[in-house]
Amino acid sequence: MPTFSDLGIPFPLFEAPAEEASDYEGIASCRLCGGEGKHCFEAEVLIQPCSSCGAAVGHYFEARRDVPCRACGTTMAFPEALREKKRLLACYDCLRAGKAAIGKDTEFGAVCWEEAAQGVTHGVPGLRTEQFERVPIEPEEDWYGVRIPGEHLWELLRTPRFHSWQGERWLFCCREPMAYLGGWQDALESLRPEDPAAFFDAMFDPDDEARAWGFESFEPGHSSCLYVYRCRTCDRRRATWDCD
C-alpha cells in the first residue's frame, strides 16, 4: 500500500499508507489555486493573511462568515468565489503552504488555527505533563492547555487526519508531535519487531488497560483499533486505541 511519500507528496507527520487518511480525496481540482488533476484533501478552515497586518486569519468553511483579524481587528471577507462550494478541497501544495487547515485532537487538547496562532492547545481536564508549560484555560474546572511552539501546531494542521472509531488523539514526544505510522498491522509489517508482545507493552504506560488486553485484541476481526506513532527525534513508539 503506497504512502504519501510513495505518491510524491510527503507529510512529515504521516508515515502510514495513504488509504488511512480520512481527508484524502485523491486526484481532484483545488478550490484555492484552481489547479486540476492534483492530489487534494478536504480541509475545515481557509487561511488568509490579514490585508492590514499579515497575520493568519482563519475562516471555518461551514460558517462562511467574514471574520476579524485577531491581531489588528481588520475584517476579512469570506471569498465570494468559495461561498457556493460544498466542500473546501485544497491541493497538497496549498495545504502545505498553509492556505488551508485540518483541525486535530491531541493528548493536550484540540488544535485548530486559533490555537496554532496562540501557541497554546485548547486543553483537557486534569492535564498533568512535564513536556510543556501548562496554561490555565478554565482552572476552576482543572482544565489546562500547554504552550507549544507554533510551528509544531501549524505542522499538525497541514497534515491529514486518519480513519478512527472515535477520532484521533495525536501524541507528542521530545517536545514535538510524533509521526503517525498506522494501525497495529501496519506497525508489524513496517517495523517487524522480534517480540511483538514486548513491543506492544512498551508503547503504553504501565497502568494503561490495553496492556492487560494484549496485542491480540487489536488484530483483524476485533472491535478495538490501535494507532501507532513514532518520535522523529528519539524513535520511541507510542500508541492510542479506541473501540467501536
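A salt bridge is a side-chain nitrogen of Lys or Arg within 4 Å of a carboxyl oxygen of Asp or Glu. The model is predicted, so local features need pLDDT of at least 70 and side-chain atom pairs count only at pLDDT 80 or more, while totals for chains, interfaces and linings use all residues. Residues are numbered from 1 along each chain as its sequence is written, and side-chain values use heavy atoms, without hydrogens and water.

Asp186 is found in helix H4 (residues 184–191); helices (H or I, at least four residues) and strands (E, at least two) are DSSP runs numbered from the N terminus. Asp186 is buried but has no salt bridge, and the nearest side chain of opposite charge, Arg192, is 11 Å away. Buried means under 20% relative accessible area, exposed over 50%, and partly exposed in between (1.4 Å probe, protein chains only). For charge, Lys and Arg count as positive and Asp and Glu as negative, with His and the chain ends not counted. The Asp186 side chain reaches the backbone nitrogen of Gly183 at 3.2 Å.

Across the whole structure, a search finds 15 salt bridges. Three of them are listed here.

| Salt bridge | Closest N to O |
|---|---|
| Lys38 – Asp93 | 3.4 Å |
| Arg147 – Glu133 | 3.3 Å |

Lys38 is partly exposed at 23% relative accessibility, as is Asp93 at 45%. Asp235 also belongs to a salt-bridge network with Glu15, Arg230 and Arg237.

Conventions:
A polar contact is a pair of N or O atoms within 3.5 Å; within protein, one must be able to donate a hydrogen and the other to accept it, and residues adjacent in sequence count only if both atoms are side-chain atoms.
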